[in-house]
Every structure is written in C-alpha cells, then in structure tokens.
Amino acid sequence: MTSNVNHIERQTLLAKIEEDRETILQFVRDLVRAKSPNPPGDTRSSMQCVRDFLDARKVPYRMENRDETMPNLVATTTFGRHDKHLVLNGHIDVFPVPDPAQWSIDPWAAQERDGAIYGRGVADMKVGTMASIVTYAYAHAMGNEQLDGRLTLAVVSDEETFGPNGTRHLFDVCPDEITGTAVLVGEPSSRHTVRLGEKGMLWLRFKVETQGGHGAYVHMGPSAVDQASTVIADLRKFAQFDFQEPPGIVAALAQAGETYDRAFGTGASENARRVTMNVGRINAGTNVNMIASQCTFEVDFRLPMGVVIQDALDHIEKLREVHDFTYDIMMRSEPNWTEPDHEFVKVVAKNAGAIAGAPPQLIPGLGSTDARLWRNRGVPAVVYGPAPRGMGATDEHVPIEDIFDVVRCHVLSAFDYLAVEKT
C-alpha cells in the first residue's frame with residue numbers, strides 16, 4: 001500500500017513532468033531531428049542530444065563504445081543498500097527512410113500535426129528512450145531518504161539490426177552494472193498493453209546454386225531463381241507446425257485479442273499465436289538473358305510461445321533431403337516471457353492502468369527488442385511505450401498526450417519500485 005508520504009512524492013513527480021512539458025517536447029523533437037538511421041547506424045548526433053540533456057542537469061555518465069559511430073551511454077546511481085536494481089534501457093538508432101517523398105510530412109523535421117509529433121523513430125523508440133532519460137534525471141536528483149537501491153540508465157545504439165555494438169556490447173564490458181533485478185524498456189506497446197514477452201526470432205540466409213546458362217536455352221538446365229522459389233514455398237509450410245502453447249499465454253491472448261489488434265493492427269492477435277515467415281531480401285542473376293546460376297535470399301521466422309528454434313531447423317534439414325541449398329543463421333532468439341505476477345510487472349501495470357483508466361492487457365510482442373537479452377538471463381523485463389503508429393512505414397507519429405503518458409508511467413514505476421517504504 002502506498003503511504004501518504006509516498007503519495008505526496010508521486011504527486012510532486014507528476015507536477016514536475018507538467019512543469020517540464022515544453023522541455024520534454026523539445027527533447028523529443030531534437031532527438032528525432034538528429035538523424036540516426038540504421039543502416040548505416042551512425043548515432044553520434046542523437047547521442048549528443050542525450051549528453052546535452054544530461055550535462056545541463058549535471059548528471060554524470062560514461063561512454064562504452066565498441067564502434068565510435070555507434071556510441072552507448074551508461075549511468076548508475078546508488079541509493080541506500082537495498083538489493084533492488086532497476087535498469088532503464090532504450091536505443092537511439094532508427095529504421096531508414098527509403099523514400100521520403102512517400103511521407104506526407106518531412107520524416108526528419110519532428111513537426112507537430114493534429115496533436116502529434118511526426119518523424120522517423122519517434123515511436124520506435126525515441127519517445128521511450130526519452131522517457132528513460134527523463135526518469136533517470138529525476139531520480140538522480142532524489143536522495144536516500146526517498147529511494148533505496150540502484151538505478152541504471154543504458155542508452156544504446158545498433159538495436160534495429162540487432163548488431164554487436166549496443167546492448168550486447170554492454171553485457172560484454174559491464175554485465176554487473178546493467179543486469180539488474182528488473183528492466184523497463186520504452187519500446188512501442190500502447191496505453192492499453194504491457195509487453196511481458198516476445199516471439200522467437202530466427203533469421204537465415206539461403207543460397208541456391210545451379211550451372212546457369214543462356215536465357216534462350218532453358219532446356220539446358222534449371223534456374224537458381226526457380227529452385228529458390230520452390231524452397232521458399234516449402235519453407236512456408238513450417239507455418240503448419242503443430243505445437244502446444246503455454247496455458248498462461250493462451251489465456252492472456254484470448255483475453256487481449258481486441259486490445260491487441262487495436263494497438264498493433266487487425267490480425268496482430270492471430271499472428272502472436274502462429275509461426276510467421278517473411279522473405280526480406282533476395283538477390284539473383286546477372287543479366288535478363290541468362291539463366292541465373294545463383295540465388296540468395298534472407299528469411300525472418302517469428303516463433304510463438306511453444307515453438308523453439310530447433311523445431312524450425314529440423315524442418316529446414318528435412319527440406320535439404322529434397323532440395324539442394326545451403327544456409328547460415330544470421331540471428332536467433334528463443335521466445336521469451338516474464339511471469340505476470342512479478343513485483344515490477346505489477347508496478348508497471350498499476351501505473352499503466354491508472355493512465356489508461358482500465359487495467360492493461362499483459363501480452364507478448366510480435367517483434368523483438370533488447371528486452372529479450374535480459375529475459376534470456378532470467379531478469380524480468382517489461383516493455384511499455386507508445387503505440388507503433390507508422391513504425392517502420394510512413395508518417396510515423398505519436399500523439400503528444402501519449403508522449404506524456406509514457407513519461408508518467410516510467411517515472412512513477414521507477415519511483416514505486418525503488419521507493420523507501422514510509423509510514
């Protein structure tokens with residue numbers, strides 16, 4: 001139960017957010033305007049915005065960089081001697097913009113329209129990262145009489161392509177500092193959902209090779225493109241794989257169906273419970289009048305709870321008995337899930353519910369985030385951020401009031417988890 005003293009401190013934090021309203025909005029705009037598409041992944045201008053914000057508030061930090069064009073910032077404050085340790089994690093690289101002309105508004109201008117901020121990366125995930133930074137700055141200014149435990153801020157690069165230079169690098173160089181006892185990540189969710197897990201991910205690169213030949217002499221030998229298309233068709237049959245979902249996941253998704261679709265688009269709740277496959281890239285042939293002698297293609301499998309990576313690999317190995325191809329694994333991550341009865345899950349859910357006016361749905365996400373790196377180490381990780389409007393597509397945007405909802409939830413959740421109990 002929240003004490004009267006803690007209630008007053010929570011109200012003070014909420015008043016502080018309102019007082020800093022214009023500063024927070026300007027911080028979001030600055031982050032979006034500091035272009036950081038990945039690839040190529042150069043986030044130095046965005047990181048400078050972060051450093052300027054912290055420097056202005058005299059908040060200490062240090063840089064942990066494997067690649068100087070992809071910097072990472074780490075800061076830790078210790079309050080008292082409690083063993084709780086909350087980590088706030090966010091990335092500053094964003095998806096590229098293949099064709100800015102397809103946007104109705106400049107993707108790098110962070111303009112306001114119809115009560116929302118538009119721009120590449122505003123939803124994924126510069127609003128969430130900003131919320132983590134603001135939360136850390138507020139907490140750093142507090143003392144041992146208010147907070148007890150440790151709070152760590154990890155602002156990273158190289159997340160969009162799951163590269164080695166961001167959070168994975170921090171686990172290599174300072175694992176004790178960033179592991180924590182709970183993690184909050186501001187990746188997209190929505191006001192009505194809290195993400196406790198995510199589907200598994202398996203990225204593969206396939207290669208099909210044939211003798212090739214002249215395009216007019218197709219009777220002389222097969223095309224690598226034609227053979228690759230047959231392999232792709234048989235790979236898709238893995239979507240029919242029979243598996244058993246964990247009962248808790250079944251119950252959560254059955255209850256969250258309508259809310260899930262409202263947050264992530266119609267059909268999202270169905271996709272959360274099935275194997276999906278996307279051919280993201282394909283490269284083949286030399287000339288139009290030549291039989292392609294080589295075809296490479298890259299596949300992204302997403303695996304629901306109850307399916308493991310080995311299931312997919314077994315399916316692929318069976319296909320090699322009838323098709324001639326080679327493959328290598330680009331990236332892999334098993335499905336992962338934090339139990340909904342964990343203390344920090346309850347903290348975030350309580351605050352999200354107060355903001356939305358109704359308890360949030362606790363769900364697994366369709367996409368992968370850095371939260372998986374903590375869950376795979378046995379650390380509870382919670383994702384709460386804005387809805388993914390236009391994420392990875394055109395006209396990405398976040399309503400201004402949603403921006404402040406994310407900040408409120410992060411600030412109050414960090415306070416509640418680390419607050420000194422008072423009577």
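Helices (H or I, at least four residues) and strands (E, at least two) are DSSP runs, numbered from the N terminus. I note at the outset that this is a predicted model, in which local features need pLDDT of at least 70, side-chain atom pairs count only at pLDDT 80 or more, and totals for chains, interfaces and linings use all residues. Residues are numbered from 1 along each chain as its sequence is written, and side-chain values use heavy atoms, with hydrogens and water left out.

I went through the omega angles. The peptide bond from Asn38 to Pro39 is cis, with omega near 5 degrees. I placed Pro39 in the loop between α2 and α3. A cis peptide bond also joins Asp124 and Met125, where omega is about -10 degrees. Met125 belongs to helix α4.

Then I turned to phi. Lys58 is not a glycine, yet has a positive phi of about 55 degrees. I found Lys58 in the loop between α3 and β1. For burial I used these cut-offs: buried is under 20% relative accessible area, exposed is over 50%, and partly exposed lies in between, with a 1.4 Å probe and protein chains only. Lys58 counts as exposed because its relative accessibility is 71%.

Asp158, also a residue other than glycine, has a positive phi near 60 degrees. Its place is in the loop between β6 and α5 (167–173). Asp158 has a relative accessible area of 5%, so I wrote it down as buried.

**Entry: helix α3**

How far apart are the end C-alpha atoms of helix α3? The expected span of a helix is 1.5 Å times one less than its number of residues. For the 13 residues of α3 (residues 44–56) that should be 18 Å, and the end C-alpha atoms are 18 Å apart, which agrees.

I listed the buried residues of α3 as Ser46, Met47, Cys49, Val50, Phe53 and Leu54. Seen down the axis of α3, these buried residues fall within an arc of 150 degrees (taken from the directions from the helix axis to the C-beta atoms), so they line one face of the helix. As a reminder to myself, an α-helix has 3.6 residues a turn, so residues three or four places apart point the same way.

What do the buried residues of α3 pack against? Taking contact as heavy atoms within 4.5 Å, I got α2 (21–33), β1 (62–63), β2 (73–79), α4 (122–140) and β6 (149–156).

**Entry: helix α13**

Helix α13 (residues 400–418) has 19 residues and reaches 28 Å from its first C-alpha to its last, close to the 27 Å expected. α13 is mostly covered, with 18 of its 19 residues buried. I picked out Ser413, which is found in this helix. With a relative accessible area of 0%, Ser413 counts as buried. Leaving aside neighbours within four places in sequence, Ser413 is in contact with Phe344, Val347, Val348 and Asn351.

**Entry: the largest pocket**

The pocket search ran on a 1 Å grid over the protein atoms alone: a pocket is an open set of points where a 1.4 Å probe fits, with protein on both sides within 12 Å along at least five of seven lines, and lining residues have an atom within 4 Å of a point. Grid points are joined across faces, edges and corners, and a volume is the space filled by probe spheres set on the points.

The largest pocket has a volume of about 1300 Å³. Of the 45 residues that line the largest pocket, the closest to its centre are Phe95, Glu160, Trp203, Asp300 and Arg302. α9 (268–271), β11 (276–284) and β13 (294–303) each supply at least two residues of the lining. Which element gives the most to the lining? That is β11, with 5 residues.

While in β11, I looked at Thr276. Thr276 is buried, because its relative accessible area is 19%. Not counting residues up to four places away in sequence, Thr276 touches Lys199, Asn271, Asp300, Phe301 and Arg302.

**Entry: cysteines and one distance**

Counting a disulfide as a pair of cysteine sulfur atoms within 2.5 Å, I got 0 disulfides. Cys174 is buried at 7% relative accessibility, and Cys295 is buried at 0%.

Last, I checked Glu68, in the loop between β1 and β2. Glu68 counts as exposed at 54% relative accessibility. The C-alpha atoms of Glu68 and Tyr260, 192 residues apart along the chain, are separated by 39 Å.
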